[in-house]
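Here is a short report on one protein structure. Have the sequence and the 3D view ready as you read.

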Amino acid sequence: MIAILFALVLGLGLTWLLNQATRWFAVDGDPIVEQLDAVLPQTQCGQCNYPGCRPYAEAIAKGEAGINQCPPGGEAGIQALADIMGVEPEPLNPENGTETPAVVALIIEEDCIGCTKCIQACPVDAIMGAAKHMHTVIEPACTGCELCIAPCPVDCIELIPVSKRVALWPS
Amino acid sequence: MAVLKTLDHSLNGGLWLDGHKAISLIQGIQNWPTPSQVMLPLLDKNGARRALVSVGERVKAGQCVAICDGIAGSALHAPYAGTVRQITTLPNAQMVIDMHLSPSSEPCTLLEASTLLQRIDAAGIVGMGGAGFATARKLGQPVETLIINAAECEPYITCDEALLREYAAEVVEGAKLAQTAVGAKRLIIGIENNKTEAIEALKQHDGFELIAVPPKYPSGGERQLIELLLGVRLSPGQRPVEQGLAVINVHTAYAINNANDGRPLTQRVVTITGSAVATPANYWLPIGLPVKVVLNTLGIAANARVRLGGAMMGRPTDPNLAVIGKTSNCLLIETPVDSTPVSPCIRCGVCEPVCPEGLLPAQMHFATQPFARDMLERYHLSACIECACCDHVCPSAIPLAMQFGLAKQQLNTLKQAERSAQRAGERHSAREARLERLAAEKKARMEAKKAALKKRTAK
């Protein structure tokens, strides 16, 4: 009798403890999403068919999207995503685009009419300017997502390769 | 009269190397004939410069021709009067101001700046021992102890020793100016104990501590010298200023003295030595002198192998592209010999006891081939000072220091990309939050207006 009672009390006690533990140690948000978001290139370009890197990370975590939809991340990025998800890496889906060298946007300032359309399109606030005043790209903040190209009514935005870093060692 | 204190303990690791120094010290510092052309590079590892002159412009000797907007870079000055021929890009993607020199009787342009630090900045002084970091920036942070690094430990290089033999008074004066600039209580000159003539020259002056260290390579490494002189071991990645220390090179101290008199940094002492050089010596070379002009003037065969720097840390250089820079302390020119073929690592471990930073070069070698980031970080790749002691003892002749240099660069590029991705992510979420807030504010405004309208119509 005592043995049964003891087992019952122990069982109930531990159940309560486990229950509380899930509340005490609960994590806000999905840690997998954080990890996936951290390895994505944060270009916010939308080539993966999601409105930004975090929504894409959320979709991968839910199993809605494949890991091969991010062209700016390229092969290395797919490998990193595969490691986190514990799946085999797969080649980049050509429907999303191809891996290209890093670029930044450059506004040809003589042609700019100051319409602010590119400012509204830029996902990382990397374009400065005001209505009817010339706009310019803040180069270090530009991710080369190309989202400002299409809205420009006078086609005055060009993509140029990221300026080469100083080589410390002769190649 | 300074009193010499001699240390009897040497650094951990490192190598006792044959110095090959006496041959280039037989003669004093030689003057170099005025060249007909200099090429002043607009880019170095500490930042890109902006040219202040245009093509065809007449430039006076000592005139500032380019400035650096970054914090670590330095200004450039014309060593002689001349005309800017072109601003061009060399085949190695280096942009230069190509100047055609013409003799002029006009005096050298003097610097206009009120404080010592401003003069050092305007003179374009950088760490001339190799780092090339802007000295004005280094001396802008107050420290307790200032060390003058006269421990020129690398084989073949003798420019600092030659400078001390002939210009000890100027070097000491520059060191004291630097001491005033940083407000240091202690001024220590650390020198190797085999530089007897230089030590004698320094003993004639006072106002500093003179400490001689054993001539073991790399005692003159900044971190190594600090540990030898003060017993302070900097942790990996820690800068001397965090321990209240600053280290400057002998030639930098000399340049500071010049800058105080208003003279910009336009020339430096360079050791020209090696088996292909008939009479090795130290020369005053103008900054921007093309290396091929040096080879032509000295009549050296075109197939000679040129290293910019000493036998250990010097870099193999294409003489047709290289120019003398502010950190070029030595031109080591050797007749080509068949180099030992590289064989695979046999894990013998001889590289490990010689590493002055206590790293494991063999393990790091495996982590660079192929590049394995987590392994390299675990083995503290970034602490490698690229002294090439491991190369020197490697029985397989593996160019370890070069591999580590490349891997460090690759690691830095990756970290840089990560940092900018993180910044982009932050900017994106800040934008999302702002758009949301604006939409909410707009909605609230509309509702308030509607409510006000309703109130009015109800009346």
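Which side chains meet in a salt bridge with 3.9 Å from N to O? They are those of B:Lys195 and B:Glu161.

## Ground rules

This is a predicted model, in which local features need pLDDT of at least 70, side-chain atom pairs count only at pLDDT 80 or more, and totals for chains, interfaces and linings use all residues. Residues are numbered from 1 along each chain as its sequence is written, chains are lettered from A and ligands numbered from 1 in the order in which they are written, and side-chain values use heavy atoms, with hydrogens and water left out.

## A salt bridge and its network

Side chains of opposite charge can pair when their charged atoms come close. A salt bridge here is a side-chain nitrogen of Lys or Arg within 4 Å of a carboxyl oxygen of Asp or Glu. B:Lys195 and B:Glu161 meet in one, at 3.9 Å from N to O. The pair links distant parts of the chain, 34 residues apart. B:Lys195 sits in the loop between β12 (186–192) and α4 (196–203) of chain B, and B:Glu161 in helix α3 of chain B. Helices (H or I, at least four residues) and strands (E, at least two) are DSSP runs, numbered from the N terminus.

B:Lys195 and B:Glu161 are both buried. Buried means under 20% relative accessible area, exposed over 50%, and partly exposed in between (1.4 Å probe, protein chains only). A network of salt bridges links B:Glu161, B:Arg165, B:Glu192, B:Lys195 and B:Glu197.

Over all chains, the structure holds 21 salt bridges. One of them joins A:Asp125 and B:Arg434, at 2.7 Å from N to O. This pair crosses between chains. A:Asp125 is in the loop between α5 (117–121) and β2 (127–128) of chain A, while B:Arg434 is in helix α12 (residues 400–458) of chain B. B:Arg434 counts as partly exposed because its relative accessible area is 30%.

B:Arg373 and B:Glu377 form a salt bridge too, with their closest N and O atoms 3.4 Å apart. They are four residues apart in helix α10 (residues 373–378) of chain B, so about one helical turn separates them. B:Arg373 is partly exposed at 22% relative accessibility. B:Glu377 is partly exposed as well, at 33%.

## Aromatic rings

A pair of aromatic rings is described by the distance of the centres and the angle of the planes. Rings of Phe, Tyr and Trp (its six-membered ring) pair if their centres lie within 6.5 Å; planes under 30 degrees apart count as stacked, over 60 as edge-to-face and the rest as tilted. The count over all chains is five aromatic pairs. One of them, B:Tyr167 with B:Trp284, is edge-to-face, with 5.8 Å centre to centre and 75° between the planes. B:Tyr167 lies in helix α3 (residues 159–182) and B:Trp284 in strand β16 (residues 281–286) of chain B, 117 residues apart.

B:Tyr167 is partly exposed, at 22% relative accessible area. B:Trp284 is buried, at 8%. Together with B:Tyr254, B:Tyr167 and B:Trp284 form one aromatic cluster.

## Helix α1 of chain A

How far apart are the end C-alpha atoms of α1(A)? They are 32 Å apart, which agrees with the 33 Å that its 23 residues should span at 1.5 Å a residue. The expected span is 1.5 Å times one less than the number of residues. α1(A) is hardly covered: one of its 23 residues is buried. A:Phe6 lies in this helix (residues 2–24). At 55% relative accessibility, A:Phe6 counts as exposed.
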